[in-house]
Amino acid sequence: MFMLKLPRHALAACITGCAVIAATFLNPAHAQNVTTVAGNDTLSGFAGDTGPATAAAAQLSFPIAVLARADGSVLIADSSNNRVRKVDVGGVITTFAGNGGFSFSGDTGPATAAQIYQPASLIEDAAGNVYIGSSGAIRKVTPAGIITTIAGTGTADSDVGNGLATAVPVNWVLGMGFDSAGNLFFTDYSSHVVRKIDAGTGVITRIAGTGTANASATDNVAALGEPLNNPVGILVQADGSLIVAGGSQHRVRKIIPGGNITTLAGTGTVSSTGDNNPATAATLNFPSGLATDGAGGYFVAELNGSRVRKIAASGIITTVIGNGTNTNTGDNAPASAATINRPAGLSRASSGHLFITSYGGHTIRKIAFAPLVTTPGPSVFNAYVNTTTASLGSVSPAGEQTVAFGGVVTMTVTANPRHVLRVASNCDYVQTSRPIALVPIGTGASTYNVTVNGPCQMEATFTPLIPKTNVNTEAAANAFLLAVEATQNYTTPVIIQTSSTAGQTVRFKAWVTDIAGVPYPSASNVITFKANGTAITGCSNVPLTLRPSDVVHIREAVCVTSFAAAGNSVITTEFAGDTYNFPAASSGLNHSVSAAP
């Protein structure tokens, strides 16, 4: 059983795949030898800033995550100290973020002056921004050292609903990973779910888990309906799948594109057996941190098993370090003979070195693996159309083909009238004809040059076109409508946000338009306006009336209301009653907001 030293202290995972360690402080060692990078393994506390990270005076307190950065430094989620510490390339330790306060504060100011409660996961993007998963929030620290909040309210909450990331509570973020499109996936440990922040809209959605803990596991079912139990580490694979360390399920799970979940390692039995055999038949004892091995497999830290295991691309599991003893021994010797005290987070540097947080020993340790030397071979490229929209468009060439590493495939995507195109891909590609996602392309083709730098796929999904714009005045809305009527150039669904003062009267307007060849909506259709997902008083089931137009038919729904309290609201609309091309709950109709005259 995972015993907490302080309330809600557990473990976290640091998901990195983009770190470069050129550090001189790493002291080159023989392949797979173990050294200590920070902490002294005897004392828990906060001390040692501006001095050597391995000096007797350097102290950490229950470090959960570690991040090997692109600039050669190493960051540490020093959880019980409510700080993120940094070990620079010279081996000196300082504070990177947090002032030790047990709260949430400091946005738009220096990260070192902010309060960060129980930091537990770390990740870095290509621009050098560092993201800190903590209790109640995900914070972002720019290269200039300024901190802001990108998700959560600062107060931990078990609510697992969807909505704008900065308005939706998060509980305790213990693992994070980016996909190729910039979407951020994270594990919400205490809420027992995996969630996603959309890079384009900033909206959080639940990807896996129900919000209720369950130690058992069912494979090959929809991940949204499968309960999890304290998920920790997460790795985002090149094919879009997610690998999740299952924590209290004592398994490693995989969420495949399309949403089903399966088990990669562990039987659910609480133990650490099965080396040199398939990982699905092995046992794990609270898997926590994950890191890629750079060769199609991954490392997994067993917090309560005091081991780090490796699951190769072949599915065979072995032990890298540890024997179940809660001690840290074996520095400057092979990892196979060393022990590790409750490893929590992992981070793999591009040099090949594996960094490990010893949660129970208050230290950061490193296994000096030899750099991986690989010669890229041919890769499989797969292009296909989503089966639910196959009749609305096509891709060519379709299906799988073998392509030389770095080879270019020219793809053509054809769409039917009155539909928009979504392209999801983990390949590197350039569109050579039209703008990419969510733009109406009518009848015709778009060409993509796809560079294949590993196994990748492109999925084309075609959806009915919904007219939508992002305006905040009635005049702007009318101007847009005139332009639309003249050009039939429809834009795409965008959530709009408005702010109000207490008692302010606000006018909401929504409309739907005739698209060539599709009859315009009837007067029996209705619109419901919502603020932050809740119907606005007096603005439910508002009937549509015909708006005068010389070009196309436009029906409008208008309501006037007042807000009882001041604040910001995300405004969406729902459309009901249409029998043609509009969904029953579009959340993407044209709509505008303005102060009532």
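Is arginine 342 buried or exposed? Select this residue to begin the tour of the predicted model. With a relative accessible area of 11%, arginine 342 is buried, because buried means under 20%.

**Backbone features**

Arginine 342 is found in the loop between β25 (316–321) and β26 (343–348). Its phi is near 55 degrees, which is a positive value in a residue other than glycine. Most residues other than glycine have a negative phi, and most peptide bonds are trans.

Next, select glutamine 118, in the loop between β6 (92–97) and β7 (121–124). Phi of glutamine 118 is likewise positive, near 55 degrees. This residue is buried, at a relative accessible area of 0%.

Then display the backbone at serine 396 and proline 397, where the connecting peptide bond is cis, with omega near 0 degrees. Proline 397 belongs to the loop between β30 (393–396) and β31 (399–403).

**The largest nonpolar core**

Select Phe381, Val395, Met411, Val413, Val450, Met458 and Phe462 together. Of the 18 residues in the largest nonpolar core, these seven touch the most other members. At least two residues of this core come from each of the strands β29 (379–385), β32 (407–415), β36 (444–452) and β37 (456–464). In soluble globular proteins, nonpolar side chains tend to be buried together.

**Aromatic pairs**

The whole structure contains 5 aromatic pairs. For one of them, show the side chains of tyrosine 131 and phenylalanine 178: the ring centres are 5.2 Å apart and the planes stand at 75 degrees, so the pair is edge-to-face. Tyrosine 131 is part of strand β8 (residues 130–134) and phenylalanine 178 of strand β12 (residues 173–178), so the contact ties together parts that are 47 residues apart in sequence. Tyrosine 131 is buried at 8% relative accessibility, whereas phenylalanine 178, at 23%, is partly exposed.

Move on to tryptophan 172 and tyrosine 189. Their ring centres lie 5.8 Å apart with the planes at 85 degrees, so this pair is edge-to-face. Tryptophan 172 sits in the loop between β11 (163–164) and β12, and tyrosine 189 in the loop between β13 (184–188) and β14 (193–197); the pair therefore ties together parts 17 residues apart in sequence. Tryptophan 172 is buried, with a relative accessible area of 1%, and tyrosine 189 is buried at 9%.

**Charges over rings**

Select arginine 83 with phenylalanine 46: the charged end of the arginine sits over the ring, 3.6 Å from its centre. Arginine 348 and phenylalanine 369 give another example, with the charged end over the ring and 5.3 Å from its centre.

**Contacts across the sequence**

Alanine 368 lies in strand β28 (residues 363–368) and is buried, at a relative accessible area of 1%.

Lysine 86, in strand β5 (residues 83–87), is partly exposed at 24% relative accessibility. From lysine 86 to alanine 38 the C-alpha distance is 9.6 Å, across 48 residues of sequence.

**The second largest pocket**

Finish by selecting Ile150, Ile197, Asp198, Ala199 and Gly202, which lie nearest the centre of the second largest pocket among its 14 lining residues. The volume of this pocket is about 230 Å³. Its lining is made up of 8 nonpolar, 4 polar and 2 charged residues.

Methods:
Residues numbered from 1 in each chain as written. Predicted model: local features only at pLDDT ≥ 70, side-chain atom pairs only at ≥ 80, totals over all residues. Heavy atoms only, no water. Core = buried A, V, L, I, M, F, W, Y, C linked by side-chain atoms within 4.5 Å. Buried < 20%, exposed > 50% of the residue type's maximum accessible area, 1.4 Å probe, protein only. Helix = DSSP H or I, 4+ residues; strand = E, 2+ residues; numbered from the N terminus. Phe/Tyr/Trp six-rings, centres within 6.5 Å; stacked < 30°, edge-to-face > 60°. Lys NZ or Arg CZ within 6 Å of the ring centre and 35° of its normal. 1 Å grid on protein atoms, 1.4 Å probe; cavity = no way out; pocket = protein on both sides within 12 Å on 5 of 7 lines; lining within 4 Å. Points joined across faces, edges and corners; volume = space filled by probe spheres on them. Nonpolar A, V, L, I, M, F, W, Y, C, P; charged D, E, K, R; others polar.
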